[in-house]
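Please look over the sequence and the fold shown below before reading on.

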Amino acid sequence: MTPITFYIPCLFGLEGLVGDELRRLHLQDVRVENGHVLCAGTAADIARLNLNLRCGERVLILMGAFPAASFDALFERTRALPWENWIDRRGAFPVKGYSLESQLHSVPDCQKIVKKAIAARLGEKYGLVQLPEDGAKYQVQFALMHDRAALLLDTSGEGLHKRGYRAVGVKAPLRETLAAAMVTLSRFRGKDPFCDPFCGSGTIAIEAALIAKNRAPGLDRSFSAQKWRALAAESWMDAADEAMDGEFDGHYDIWGGDIDPRAVSIARSNAEKAGVEDLVRFEIADAVQFRRDSAYGQLVTNPPYGERLLEKDEAGQLYRAFGQAAARLPEKWRVYILSSHPAFEKCYGSFASKKRKLYNGMIKCDLFMYER
């Protein structure tokens, strides 16, 4: 099969985890870069990547990368790429992208040039003066940086963080890919008790259940490339069979609590949609009263933060009370807390043994790791 270069964008701070995922899926030539990871694979890996990636945001095909300091260069180099290998004669190919520190700084003009170049290539290959664009969607993306262009095709459609189980959420939801990263960083594999005392809509606990069971996060959703004629339908069925064959059966102690009854109700509903309602339990509970008697376990959580809490110092008070509760846990418990509060450790009452910078959307946070 013709090798494909895949471009996997991810939240800043998760690049290394995505690289590890790609290696476990036996992808070749994995290259970790800021905000994304590159690797080499085949057409069959399009389905495998979309179904299995927990921390990556999308699966893009890198069509080409080249210098583009002028519109002529952008047009000619874009037109030279083999778009017909993917886009069929009726395919719709909208274009979007961005430009940073480049002479071609007008994004709308770049969109028009890229669109025109692809249309010229496809029109010539298919013998059409005008392309109908009433078929499957092939989202084209371009990235211009320092006068260098990258052209990509999006195989995912909606971002991979949209697993399909969270139809309803609560205020300030945690992205599923970030929740999966937090669970992965905690080294949870299903053997230890796992708790999230600020569970909200249940994302962290649900991702922990999916990881414990080794269930592919994309099994319950669809992807744009499933409608592409260039891809065999069997590749999606084969990838799904492979993923389900790798699932584990077991009993797990995964718990989520929240003081808001509505949040707990939503979390239970989301767990049912994710197919893990038998693996995780949610209860109405006050985090500042949290306690566990088991000798060891993992606590991974994302407590409330934001401007309203900062202004009233509610976050500081909450962290202080929660820190006192966490301090009472048995010595072998590991605690991982994501927060953007600038004085979290002071409020919590102790300094983390390790910290890792992560982003919850556009919010810069730290994952505070307490490992005694």
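Which residue forms a salt bridge with Lys357? The partner is Asp366, and the closest N and O atoms of the two are 3.6 Å apart.

## How to read the values

This is a predicted model, in which local features need pLDDT of at least 70 and side-chain atom pairs count only at pLDDT 80 or more, while totals for chains, interfaces and linings use all residues. Residues are numbered from 1 along each chain as its sequence is written, and side-chain values use heavy atoms, with hydrogens and water left out.

Strand β5 (residues 95-100) pairs with β6 in the parallel sense over six bridges, where two strands pair if DSSP finds at least two bridges between them. Within this pairing, Leu100 has Met145 of β6 as its bridge partner. Between β5 and β6 the chain passes through helix α4 (residues 107-126), and this β-α-β crossover is left-handed; a crossover is called right-handed if, with the strands pointing away from the viewer, the path from the first strand over the helix to the second runs clockwise.

## The hairpin and strand β7

Strand β7 (residues 148-154) runs antiparallel to β6, and seven bridges join the two. Together β6 and β7 form a hairpin with two residues between them, and His146 in the turn has a positive phi of about 55°. Opposite Phe142 stands Leu151 in β7, and opposite Leu144 stands Ala149 in β7.

Strand β7 is also mostly covered, with six of its seven residues buried. Strand β4 (residues 60-67) is joined to β7 by seven bridges, and these two strands run antiparallel. Leu151 in β7 is the bridge partner of Gly64.

## Charged pairs

Side chains of opposite charge can pair when their charged atoms come close. A salt bridge is counted when a side-chain nitrogen of Lys or Arg lies within 4 Å of a carboxyl oxygen of Asp or Glu, and by this rule the count comes to 22 salt bridges. In one of them, Glu242 meets Arg48, with the closest N and O atoms 3.0 Å apart. This pair links distant parts of the chain, since Glu242 lies in helix α7 (residues 233-245) and Arg48 in helix α2 (residues 44-52), 194 residues apart. Glu242 is partly exposed, with a relative accessible area of 41%, whereas Arg48 is buried at 15%.

Another salt bridge joins the side chains of Glu176 and Arg166 (3.3 Å, N to O). Glu176 lies in helix α5 (residues 176-185) and Arg166 in the loop between β7 and α5, so the pair ties together parts that are 10 residues apart in sequence. Glu176 counts as buried, at 4% relative accessibility. Asp366, the partner of Lys357, is buried as well, with a relative accessible area of 17%.

Conventions:
Helices (H or I, at least four residues) and strands (E, at least two) are DSSP runs, numbered from the N terminus. Buried means under 20% relative accessible area, exposed over 50%, partly exposed in between (1.4 Å probe, protein chains only).
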